[in-house]
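Subject: Structure handover

Hello,

Here is the structure I promised. Please open it and keep it beside this email while you read.

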Amino acid sequence: MTVGLSLGVVVGYLVVALAVGLVAYRVSDATAEDYYLASRSIGTFVLLFTTFATLLSAFTFFGGPNLAYAAGPEWLIVMGTLDGVLFAVLWYVIGYKQWLIGARNGYVTLGEMLGDRFGSPGLRALVAGVSLLWLFPYVMLQQMGAGEALVGLTGGVVPYWGGAALITAFMILYVTVAGLRGVAWTDTLQGLFMLSVVWIAAAWVVSALGGVGAATEGMLAARPEFGGFGGGTYSPGFIVSTAITIAFGVTMFPQINQRFFVAKSAATLKRSFALWPVLVLLLFVPAFMLGAWAAGTPVEVPAGANVLPVVLAEYTPAWFAALVIAGAIAAMMSSSDSMLLSGSSYFTRDLYRPVVNADASARREAWIARVGVVGFATLAFVASLFRPGTLIEVGGTAFSGFALLALPVICALYWARTTRTGMVVGVAVPQAAYLTVVLSSVLPLVPPLPRTVLGGWDVALGLMALSGALTVVASLATAATADGDASRFAVAGD
Amino acid sequence: MWVPTFAVLVALAVPWPLWGVDRVAAGLPVWIWWHVGWLGLCTVLFALFARSGAWERGMGRRAAAAETEPSGVGGDRP
């Protein structure tokens, strides 16, 4: 009975989100710029929430509380710093610059922008290829999160693969019919919804535990080390490298990076930028503290389930727990939609069209994009069944892979002396190195290479430094190619 | 002026001075309060930055020379 109710709420919510997407689709034009960028017409409120909601993924809702439960509430500091502060600064440094350049030259993707600047379809394809590569584990992460969430909510009645399959089906359905305007609107809806229910959930659980003070006391009684800042998993190296790799990685995520092109005006970007730290905090505090407080409760979290659904199932009514999980899954779905949508634009515009078939008709391109999305999501689903790591590990890998793109891109945006060779070397070498490290831990062919060194410093941080250094050195060592045009990135002329 | 400000904002969003401190105030560890307050401060300063001329100058727009560094020129107080 309860399981039926829970599933009804989850599926019902997903259907409503789909309906909103369809309405948005009805009001949109069918051009590529509209499909991907909602005709560059997104206002502050929607921009803020759509960016917010795409950051809200299984990584935040399930991975974060799980880590806070296992290792302590310091995760709040890590995420708050990287997302609230560092990402906001990068939002300005990378985002505003890209917006200026994009609005001037009509770019839709990062690869397109770089390929045009350096006169290099090869660079364009490289950037798109690298982005798609790291998008894969992140889409997988959402499927893993949904699978684990439904296991936790239904006490194992719905198997892990069932939850993962459910979100995959909705993802594909959604993105193939709606486009970005649909995604942006449902993101707003879901961002607001999640923000509200997470607070209600926290209030509910806290009052059941006897207040904030009592919840914290319970947590400290069970795990005294949670009270002091640092220690355990949270070494300075872990905090710094996680914060830096994720913040830089986020800016290079296709769906986030594409958001930099969609703002209606500079004022939109400014307001979103200033509100960002508070918005982020409003979500992270209740979500992660719930995970940390759960450590002090007698709740047993079964292996392979997430903390949040288990705690909710224990302390709140079944329908409410189901609603929160539905909201989280829907938010993850819209994250994935945005990713798949941006990914499909990278695929068709930067890979298929320039490399395979330059004369493809718009109709054919749209068809290829949809087939690409279905194939990509299905493969990610299959891979998610193997569960190659925790949510935080899989997410961290994806973030780090994207982070390696950030410094070469910043070089290109701000340093006119950057050359095509500099970009190619700065992107390709660290990517190849990091991919080797990651694959060595997944495939049994070679002994796993260490992911962290010297007490928690992530090798990706070193590779990030390498990517920046290689870009600069190779640029200085080579001359600009005739096809390159630094003036494409000039924004000073107004 | 804004570059060091941002650097400090990012660096101290992690409550390094409270490393190992385990006092609890008003129901939460003190270092969580530090972080909450700090992000509030960030929002105020970010709003000031967006409102000041430094937002455009950082992009080298409507600035006479040098467009190398974000907010390298300028240095006005908000």
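Helix H7 (residues 121-154) of chain A packs against helix H14 (residues 318-356) of chain A at an angle of about 160°. Their axes are 9 Å apart. Axes are lines fitted to C-alpha atoms, for helices over the stretch in contact, and angles run from 0 to 180 degrees between N-to-C directions. H7(A) and H14(A) are therefore roughly antiparallel (an angle over 145 degrees). The residues of their contact divide into 23 nonpolar, seven polar and two charged. Here Ala, Val, Leu, Ile, Met, Phe, Trp, Tyr, Cys and Pro count as nonpolar, Asp, Glu, Lys and Arg as charged, and the others, Gly among them, as polar.

Helices (H or I, at least four residues) and strands (E, at least two) are DSSP runs, numbered from the N terminus.

Next, helix H10 (residues 236-252) of chain A. Of its 17 residues, 14 are buried (20 or more other C-beta atoms within 10 Å of the residue's own, with C-beta atoms placed from the backbone).

Now the two chains. 34 residues of chain B are in contact (C-beta atoms, placed from the backbone, within 7 Å) with 34 residues of chain A. On the side of chain B that touches chain A, H2(B) gives the largest share, eleven residues. That side divides into 23 nonpolar, seven polar and four charged residues.

Residues are numbered from 1 along each chain as its sequence is written, and chains are lettered from A and ligands numbered from 1 in the order in which they are written. In this predicted model, local features need pLDDT of at least 70, side-chain atom pairs count only at pLDDT 80 or more, and totals for chains, interfaces and linings use all residues.

Best wishes

Technical notes. Angles under 35 degrees count as roughly parallel, over 145 as roughly antiparallel, 65 to 115 as roughly perpendicular and the rest as oblique. A residue is buried if 20 or more other C-beta atoms lie within 10 Å of its own, exposed if 12 or fewer, and partly exposed in between; C-beta atoms are placed from the backbone. Two residues are in contact if their C-beta atoms, placed from the backbone, lie within 7 Å.
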